[in-house]
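Please look over the sequence and the model first.

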Amino acid sequence: MVVTIIFLVAAAIAVVFAVLTVVPRDPTKNVLSLVIMSFAMAAVFAILGMDFLAAIQIIVYSGAVLVLFLFVIMLLKIRRIEALGSGRPVQALLGALVAAGIGGMMLVVAGLLLPLQGAVLPGAVETGTAFPIGRALLSTHLFAFEFITLLLVAAIVGAVYLGKGEEE
Amino acid sequence: MWVDLIVIGVKLAFGLVVLLTTVPIMVWVERRGSALIQDRLGPNRVGPLGLFQPIVDVVKLLAKEVITPAGVRPLLYILAPAIAVIVALSTFIAIPIGKDSGLELFGHAVNGFIVAPDLNIGLLYVFAIASFGVYPLLLAGWSSDNKYALLGGVRASAQAISYEIAMIIAIVGVLMSSGTLRLQQIVDAQSGVWMGFLPHWNVFSQPIGALIFMVAVFAETNRLPFDLPEADAELVAGYHTEYSSIRFAAFYMSEYLHMTVAASLVTVLFLGGWNLPWIDIPFEGWAGVLLSMGVFGIKVATLLWFFVWVRWTLPRFRYDQLMALGWKVMVPLAVLNFLWVGVAMALGYM
């Protein structure tokens, strides 16, 4: 009962601030809304028993990525961005299509997962979720895990190359 | 149910009182300590040895006018100091400050002196909340509508992110050697002796990690030599230039709260928590709890004095030096520590 109420509150906060991430025309407000949304998401993770994911969500998103966003916005002194709907019509159409696609996919997945309600990661209850997630990353999903490191290295090399600029 | 709440409430109140008491004491230690180091007297008029000076300071700060300059963003301007104190206070609930000696309070297990004993991911929780500590600086700097404050806020964000990376890689070594994210178990893993004669504290088995963590802690708490966000020689007072009265006091207080939390973390992670070197004490009953808290307190107090000592000894870094140190020295060294722990564990030294 209490859990359901907490979930509903957290979910409502997440939805409201997700909208506020997109609608205001002041980039600082958008980023701060995203910060609050990521906290609400962390709360949802925590309710689902994913304490590790909740902590990582806050450390990575609120603590690092969004601080960088704010840093860039303040450094470049972006006061306002273009009004909603000032882009090309095709942008709005494509955006709506992608949003509908992702939303539909999530509904289908949620429908498929309905019979598994209440299932948690094996071993998660005794030891918390850090252990089973680490185990899964280095066994079942080892290929994807290593592949992501490769992707990150490529991104870092690209960023350094772009950041260096033209050779004088 | 009710007993649970009472026990948690007692622990919360205890933690809050301990934490808030360290602030005036540290202000006094800082002022008298700086005077000692600079060969002058320091505050010595109010009370014996100037001990009541912090109380007078607080009264003075509270009595000042609360000024909200024109042009600020009101909501964020007021929220920033509040967030600073909230963040500094809420990290403390996951830090164990005394051993779980099987004590019971009203027939309910006390679970050691830690407010949230059932947190599987205690360490991650602490870092999750602590990583939020840069927001008040950033928001204060930005909402003040002042170029010095803005520069301070921007510096704070770049600095915090750079040093957090080295700090977290340095922690990985501790996690590997103790195999848990629970801070109580990390302390337990540091009892006994290592290599036959050294205490089994992480500071001895991973000295590079301890050094990196210590330096990163100075940067994260914005203490000299890393106090670039407020750099009073260049930025007036940095991010809190436009703050006065109680709002300024909130920032001032959160700096000292952060120091105490950081010193407790260093004690837990690298200095063996409440373990005494070479002596194994079972820490039983009330006497055991008090003894373990005393040992912990002495270590934290020593570290806090170290903070003050460093502040009045080293000059401030230049900004490019700070960034170069963070990325080109600290991160590679932290990775080296991580490798050393891995090799040592594989060879059975740890």
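This is a predicted model: local features need pLDDT of at least 70, side-chain atom pairs count only at pLDDT 80 or more; totals for chains, interfaces and linings use all residues.

Residues are numbered from 1 along each chain as its sequence is written, while chains are lettered from A and ligands numbered from 1 in the order in which they are written.

**Chain B overall**

- Chain B holds twelve helices and four strands. Helices (H or I, at least four residues) and strands (E, at least two) are DSSP runs, numbered from the N terminus.
- The radius of gyration of chain B, taken over C-alpha atoms, is 21 Å, close to the 20 Å that the globule rule gives for 350 residues, so chain B is as compact as a globular protein of that length. The globule rule is 2.2 Å times the number of residues to the power 0.38.
- Along the principal axes, the C-alpha atoms of chain B fill a box of roughly 60 × 50 × 45 Å.
- Of the 350 residues in chain B, 47% are buried. A residue is buried if 20 or more other C-beta atoms lie within 10 Å of its own, exposed if 12 or fewer, and partly exposed in between, with C-beta atoms placed from the backbone.
- Among contacts in chain B with a separation of 6 or more, 76% join residues 24 or more positions apart. Contact requires C-beta atoms, placed from the backbone, within 7 Å.

**Interface with chain A**

- Contacts link 20 residues of chain B with 17 residues of chain A.
- On the chain B side, helices H4 (122-130), H5 (134-143) and H6 (147-178) each supply at least two residues.
- H6(B) gives the largest share, eight residues.
- The chain B side has 15 nonpolar, four polar and one charged residues. Ala, Val, Leu, Ile, Met, Phe, Trp, Tyr, Cys and Pro count as nonpolar, Asp, Glu, Lys and Arg as charged, and the others, Gly among them, as polar.

**Helices H9(B) and H10(B)**

- The axes of H9 (residues 207-220) and H10 (residues 245-270) of chain B come within 11 Å and cross at roughly 170°. Axes are lines fitted to C-alpha atoms, for helices over the stretch in contact, and angles run from 0 to 180 degrees between N-to-C directions.
- That crossing makes H9(B) roughly antiparallel to H10(B) (over 145 degrees).
- H9(B) contributes Ala210(B), Phe213(B), Met214(B) and Val217(B) to the contact, and H10(B) contributes Ala262(B), Val266(B), Leu269(B) and Phe270(B).
- These contact residues are eight nonpolar, no polar and no charged.

**Tyr349(B)**

- Tyr349(B) sits in the segment after helix H12 (319-346) of chain B.
- Tyr349(B) counts as exposed because it has 12 C-beta neighbours inside 10 Å.
- The C-alpha atoms of Tyr349(B) and Met195(B) are separated by 7.6 Å, with the two residues 154 residues apart along the chain.

Key
Angles under 35 degrees count as roughly parallel, over 145 as roughly antiparallel, 65 to 115 as roughly perpendicular and the rest as oblique. Two residues are in contact if their C-beta atoms, placed from the backbone, lie within 7 Å.
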